Amino acid sequence: MILMKNVVISLTIFIIMIIIIAFSLNYLNKATDELRRLNDEIEQYINDSNWDKAYKSSIEYTEKWKNYSDKLKLYVDHQEMDQIEIELWKLPQYIKEKNKEESLACVHVLKFLVDHISELEKVKIQNIL
């Protein structure tokens with residue numbers, strides 16, 4: 001009887017963990033997809049020298065990041081998150097100064113970091129070991 005109770009409790013905890021992981025991965029995918037979209041938008045505006053729209057999009061990116069990062073900090077490596085925040089402090093300033101090279105470099109670093117976070121959290125054998 002006690003053994004059966006332990007099995008049921010363990011199985012229940014396992015199922016709850018799987019559900020939480022699924023929701024976490026779904027949230028991460030939603031967040032990274034939105035950030036990638038904004039990243040591509042900013043890059044296009046910079047390439048077109050549309051600095052006003054690029055600046056507005058960079059501010060929107062920063063706001064989206066603030067919203068997403070609170071929840072992502074629960075299960076994503078903090079060093080990765082810190083690197084994104086550092087780049088997000090730089091990007092609007094580079095855009096405001098119309099520095100195309102630095103702005104594009106910053107956008108590409110953000111793209112890499114967001115993709116890297118997404119890759120690190122995928123359920124793959126390399127990430128489990």
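Helices here are DSSP runs of at least four residues, of type H or I, numbered from the N terminus. The structure is a predicted model. Helix H1 covers residues 2–47, and its buried residues pack against helices H2, H3 and H4.

**Helix H1 and its end**
- With 46 residues at 1.5 Å a residue, H1 should span 68 Å, and its end C-alpha atoms are 67 Å apart, so the two values agree.
- The buried residues of H1 are Ser24, Tyr27, Leu28, Ala31, Thr32, Glu34, Leu35, Leu38, Asn39, Ile42, Glu43 and Ile46.
- Their packing partners are H2 (51–72), H3 (78–96) and H4 (100–121).

- In soluble globular proteins, nonpolar side chains tend to be buried together.
- The largest nonpolar core has 26 residues, and Ile46, Tyr61, Leu72 and Ile84 touch the most other members.
- Ile46 is among the buried residues of H1.
- With neighbours within four places in sequence left aside, the contacts of Ile46 are Trp51, Ala54, Ile95, Lys100, Ser103, Leu104 and Val107.

**Aromatic pair**
- The model has one aromatic pair.
- Tyr27 and Tyr68 form this pair in an edge-to-face arrangement, with 5.8 Å centre to centre and 75 degrees between the planes.
- The pair links distant parts of the chain, as Tyr27 is in H1 and Tyr68 is in H2, 41 residues apart.
- Both Tyr27 and Tyr68 are buried.

**Glu87 in H3**
- Glu87 is located in helix H3.
- Its relative accessibility is 11%, and the cut-off for buried is under 20%, so Glu87 counts as buried.
- Leaving out residues up to four places away in sequence, Glu87 touches Cys106, Val109, Leu110 and Leu113.

**Ile59 in H2**
- Ile59 is part of helix H2.
- Ile59 counts as partly exposed because its relative accessibility is 34%, a value between the limits of 20% and 50%.
- From Ile59 to Ile84 there are 25 residues in sequence and 14 Å in space, taken C-alpha to C-alpha.
- Of these two, Ile84 is one of the core residues that touch the most other members.

Note on methods. Residues are numbered from 1 along each chain as its sequence is written. This is a predicted model: local features need pLDDT of at least 70, side-chain atom pairs count only at pLDDT 80 or more; totals for chains, interfaces and linings use all residues. Side-chain values use heavy atoms; hydrogens and water are left out. Helices (H or I, at least four residues) and strands (E, at least two) are DSSP runs, numbered from the N terminus. The expected span of a helix is 1.5 Å times one less than its number of residues. Buried means under 20% relative accessible area, exposed over 50%, partly exposed in between (1.4 Å probe, protein chains only). Contact means heavy atoms within 4.5 Å. A nonpolar core is a set of buried Ala, Val, Leu, Ile, Met, Phe, Trp, Tyr and Cys residues joined through side-chain atoms within 4.5 Å. Rings of Phe, Tyr and Trp (its six-membered ring) pair if their centres lie within 6.5 Å; planes under 30 degrees apart count as stacked, over 60 as edge-to-face and the rest as tilted.
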